[in-house]
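Open the model in your viewer and keep the selection tool ready. This tour tells you what to pick next and what is there.

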Amino acid sequence: MPAPVNTLKRRLAAGKVSYGIWVGLADAYPAEIAATAGFDWLLIDGEHAPNDIRSLSAQLAVIEGSASAPVIRMPDDNQAGIKQALDIGAQTLLIPMIESGEQAQRAVESCLYPPEGKRGVGSALARASRFGAIGDYLTTANDEICIILQVESRAGLAALDDILAIERLDAVFIGPSDLASDMGYPGKPGEPVVKAAIMDALARIKAAGKAPGILTTDAAYIEDAVAAGATFVGVGIDVTILSGALRALAARYPSGV
């Protein structure tokens with residue numbers, strides 16, 4: 001029996017626009033609620049949300065049975081961390097803060113078993129192989145791993161061509177917030193010079209045959225990004241959706257204190 005089919009990887013390879021949200025509440029219960037909403041994918045955030053490998057595993061488990069493909073964003077490009085995320089069953093990883101072709105190559109190799117990469121072999125212990133029940137996991141896992149690298153700095157943009165030259169890479173995600181900050185416009189990803197750089201990068205990623213990605217909650221920005229070629233499109237964040245709804249409700253019913 002081979003590794004499970006990665007439907008998101010196939011959607012991105014086919015150039016189909018896929019919409020999803022960031023899942024940052026760091027608990028399986030709200031992740032399961034999000035999995036009932038009908039998004040193409042849900043990204044469990046291991047970079048900025050207070051997650052560890054156990055909470056990532058629990059959220060991955062409740063999302064897997066839904067129509068939404070699970071994605072894990074790693075804290076960084078640490079090889080050991082990537083290995084653990086794959087072993088708990090993640091098939092799509094977003095790896096942040098990529099700033100050179102060499103770093104990108106190392107990150108890609110960390111996701112793949114030899115001879116394509118350098119992922120350590122421990123599948124008999126791993127949830128990814130259903131604890132050994134997937135007999136062909138070692139020989140088929142690489143084919144189903146979707147690797148998305150996150151470029152979010154001027155250095156990353158300068159190295160974009162080198163990053164895009166990596167054949168085994170599936171997608172490149174442009175991080176608007178960090179890029180805006182690095183360009184001198186903290187909190188202003190819509191600043192014209194920042195937005196122009198992002199739209200140019202998305203077009204270059206598409207031209208290179210990779211799937212371009214972005215996250216924004218601005219509807220007009222989303223429309224422009226899709227027009228520029230984005231196909232891995234984040235349109236919301238569960239934390240801000242919840243906090244915004246709660247504050248709006250509280251404002252309707254002031255305490256009177």
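This is a predicted model: local features need pLDDT of at least 70, side-chain atom pairs count only at pLDDT 80 or more; totals for chains, interfaces and linings use all residues.

How many bridges join strand E6 to E7? Select residues 171-174, strand E6: four bridges join E6 to E7, and the two run parallel.

Residues are numbered from 1 along each chain as its sequence is written, and side-chain values use heavy atoms, without hydrogens and water.

Now select E7, residues 211-215. Five of its five residues are buried (under 20% relative accessible area; exposed is over 50%, partly exposed in between; 1.4 Å probe, protein chains only). Ala211, Gly213 and Leu215 lie on one side, Pro212 and Ile214 on the other. Pro212 is the bridge partner of Val172.

Next, pick strand E8, residues 232-237. E7 and E8 pair in the parallel sense over three bridges. Leu215 stands opposite Gly234 in E8.

Move on to Lys9 and Asp170. Their side chains meet in a salt bridge at 2.8 Å, N to O (a side-chain nitrogen of Lys or Arg within 4 Å of a carboxyl oxygen of Asp or Glu). Lys9 sits in helix H1 and Asp170 in the loop between helix H8 and E6, 161 residues apart. Both residues are buried.

Last stop: Glu64 and Arg127, a salt bridge at 2.6 Å, N to O.

Conventions:
Two strands pair if DSSP finds at least two bridges between them.
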